[in-house]
Number of protein chains: 2
Amino acid sequence: METVNLELGADSYSIFIGGGLLDDGDLLRRHIGGKQVLIVTNETIAPLYLDRVLAHLSDYRVDAISLPDGEQYKTLDTLNLIFTRLIEMNANRGVTLLALGGGVVGDMTGFAAACYQRGVPFIQVPTTVLSHVDSSVGGKTAVNHPLGKNMIGAFHQPKAVIIDPELLSSLPERELQAGMAEVIKHGAMGSLEDFCWLEENITELLSLNISKLTYALKRNCQIKADIVSRDEKEMGVRALLNFGHTFGHAIENSMGYGNWLHGEAVAAGMVMAADLSVRLGMCELADAIRLKDLIASSGLPTVPPDASRNEWLDIMYRDKKVTDKGLKLILLRRLGHAEIVEGVSEQTLLATVNSKDLLGFE
Amino acid sequence: METVNLELGADSYSIFIGGGLLDDGDLLRRHIGGKQVLIVTNETIAPLYLDRVLAHLSDYRVDAISLPDGEQYKTLDTLNLIFTRLIEMNANRGVTLLALGGGVVGDMTGFAAACYQRGVPFIQVPTTVLSHVDSSVGGKTAVNHPLGKNMIGAFHQPKAVIIDPELLSSLPERELQAGMAEVIKHGAMGSLEDFCWLEENITELLSLNISKLTYALKRNCQIKADIVSRDEKEMGVRALLNFGHTFGHAIENSMGYGNWLHGEAVAAGMVMAADLSVRLGMCELADAIRLKDLIASSGLPTVPPDASRNEWLDIMYRDKKVTDKGLKLILLRRLGHAEIVEGVSEQTLLATVNSKDLLGFE
């Protein structure tokens, strides 16, 4: 078992990573403070893993709620289903919420935990690559608004994150690939060494080599944990983790949540960010192309959809990365190093947004 | 102008109290960090005071949203109207929300500020007695769920609270009286000296003597601020502020929000708590009767409604004051001093709940 510690003062917690951890009842129970547990999962995950989790919790008053599966259900209305179930089970402030699912389940469970009776503890048991390396690290929780992604949320840290890479065997290939977008992102914006390791090992990761996966997940959690512990509330350096996300959110939002998976949109968004970085003279074309190639070899899109591009700028200006000074973009300086850039002209931005041939500068 | 400082580390803020403060534009602008402001108010308050606030903000990008008036609208659906307006105005993380209204507007504005883009600043300009002394102090924000009051919320401290007691002249008499319930509560559970002062001055407070009001509001904010700064997240001593509230919430919830005003329910709830305290031998009957008399002389109910009493116990056991150890009640030891009591038998509790003659022990 690998352990990554997040140092966040009173909110510190650990991420545990290892094949078979879903069956480690002691590890789970050690992080439950009270007597009540509500497991939040979805219709896809419940038949696969719910009973295995319930088996550890016979000494608790446990209830479970199964939400509809998909980003399009990450809404205030679905969140309210969790609140209703909590009140119906007479859950008090000692209740622990347990998120068993991917990023959507994790985001909603964490936000429900942040708000129920003004804050109760929660534990993450993520079941997808995306949630292993991204949404389970750092305490960002949220739901979407019809006009913008993750617009309503809270910073609320879990008591523990338990990652069992064996759960990935039940993940559809498309979602496995989509999750790799965040893995690639962490290399591209944070660590050249990890980026090179990914170039060599991407095939084995996609074929679910558990020891390679455990290593990659640990490294990704470390990279993200290092940044989050320096900037829990995203006042500065944490914004770098949004590499590919401003473009990606525009794609997701304009295409309708759930049509492009989050990771797919981020993948194409990273290529767009790389394209813009080269246009601005910040980044060598060769680096940008290596990034694009790694994305392509993961089976991820390197070209955004053609439809709705005229909406993207509006959506981007509604994004959380906008300040009074304008759009805050995360751009590539070189592989392993991204930077926050403000004041990019609308003309240059539009050149990337409207390009039919990203990185086709030659 | 009187100032009460809340010492909450990085979340510290000040409450400013004084006749005419609504027209002090400098004081308001000093607490606005960015360029965008959304004023949240309601249909009753907007025609009275909105223009006077807008007059101070000509240098900002300002929008205003007017919510329907009443506790029955303190819901996730109404909250979402605020989020929609924020996104429509392209509000970024630098936006300041300004709550102009009573407790309902304050609670919803504060909770919207806690959640929008995971947290933006807000300022309270409360317009009722209840919000002057209660909901504007301490950073508790929430909306109701059909099954329980204030079940969904956050701790989120304002940047400043600006209290102008002259605004109370527009308050209906019933709401003025209802607000006194929280003023009386602070004396009863926190300060014998203030309780005695209230016995002498309640008539002048109800006839809106501005200097007496300024003094009473300052003292109330100080009493509450002192408790909140010792226990921001209600892990211990802050629970004392819920004196009268467990019974009060049961009354409000069972009668339907808005039929009994919050303060009216708390008033009857305090008499019930006093009755139970005497039954348990904790408190002298004479002290309990002085409390009941002060409540009566404020024009507030000292007898709960007859209807729905059979539901109250269920509602009380769903309340936030329930722990794994059972119901946590706030009971009176003597005037000026309340205590947290656990383990009260259901039989004794029912004797108070079903009593047709509270405190009629003679």
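Helices (H or I, at least four residues) and strands (E, at least two) are DSSP runs, numbered from the N terminus. With that in hand, let's begin the tour.

Residues are numbered from 1 along each chain as its sequence is written, while chains are lettered from A and ligands numbered from 1 in the order in which they are written. The model is predicted: local features need pLDDT of at least 70, side-chain atom pairs count only at pLDDT 80 or more, and totals for chains, interfaces and linings use all residues.

**Stop 1: V40 of chain B**

Select V40(B), which has its place in strand β3 (residues 36-42) of chain B. Is V40(B) buried or exposed? V40(B) is buried, with 26 other C-beta atoms within 10 Å; the cut-offs are 20 or more such atoms for buried, 12 or fewer for exposed, and partly exposed in between, with C-beta atoms placed from the backbone.

Now show what V40(B) touches, leaving out residues up to four places away in sequence: among them are I65(B), L67(B), I82(B), L97(B), V105(B) and M108(B). Here, contact requires C-beta atoms, placed from the backbone, to lie within 7 Å. For a sense of scale, draw a distance to Q347(B): its C-alpha atom and that of V40(B) are separated by 45 Å, and the two residues are 307 apart along the chain.

**Stop 2: strand β9 of chain B**

Stay in chain B and select β9 (residues 160-163), a strand covered on both faces. A160(B) and I162(B) are buried on one side, and V161(B) and I163(B) are buried on the other.

Strand β2 (residues 13-17) of chain B pairs with β9(B) in the parallel sense over four bridges, and F16(B) is found opposite I162(B). Strand β6 (residues 122-126) of chain B is also parallel to β9(B), over two bridges, with Q124(B) opposite V161(B).

**Stop 3: the sheets of chain A**

Move to chain A and colour the open sheet of seven strands, whose order is β1-β2-β9-β6-β5-β3-β4 with mixed pairing. At its edges are β1 and β4 (61-67) of chain A, each pairing on one side only. From one strand to the next, the twist averages 15 degrees. Axes here are lines fitted to C-alpha atoms, for helices over the stretch in contact, and angles run from 0 to 180 degrees between N-to-C directions.

Helix α2 (residues 46-54) of chain A touches β3 (36-42), β4, β5 (96-101) and β6 (122-126) of chain A, and its direction makes about 165 degrees with that of β3(A). Helix α4 (residues 103-115) of chain A touches β3, β4, β5 and β6 of chain A, at about 170 degrees to the direction of β5(A).

Then look for the open sheet of three strands in chain A, β10-β11-β12, with antiparallel pairing. β10 (322-323) and β12 (337-342) of chain A stand at the edges with a single partner strand each, so one side of each has no neighbour in the sheet. Six bridges join β11 (residues 326-334) of chain A to β12(A), and L331(A) is partnered by E339(A).

**Stop 4: the two domains of chain A**

Colour domain 1 (2-170) and domain 2 (173-354) of chain A separately; such bounds come from an automatic or database domain assignment. Their C-alpha centres lie 25 Å apart. The contact between them takes 31 residues from each domain. On the domain 1 side, α5(A) gives the most, with five residues.

**Stop 5: where the chains meet**

Finally, show both chains. How many residues does the contact take from chain B? It takes 32 from chain B and 32 from chain A. On the chain B side, β8(B) supplies the largest share, six residues.

Chain B can be laid on chain A with an RMSD of 0.0 Å by a turn of 180 degrees and a shift of 0.0 Å along the axis, superposed by least squares on the C-alpha atoms of residues with pLDDT of at least 70 in both. That is the relation of a two-fold axis. To find the axis, select L76(B): its C-alpha is the nearest to the axis in chain B, 3.8 Å away.

Notes: Contact = placed C-beta atoms within 7 Å. Pairing = 2+ DSSP bridges.
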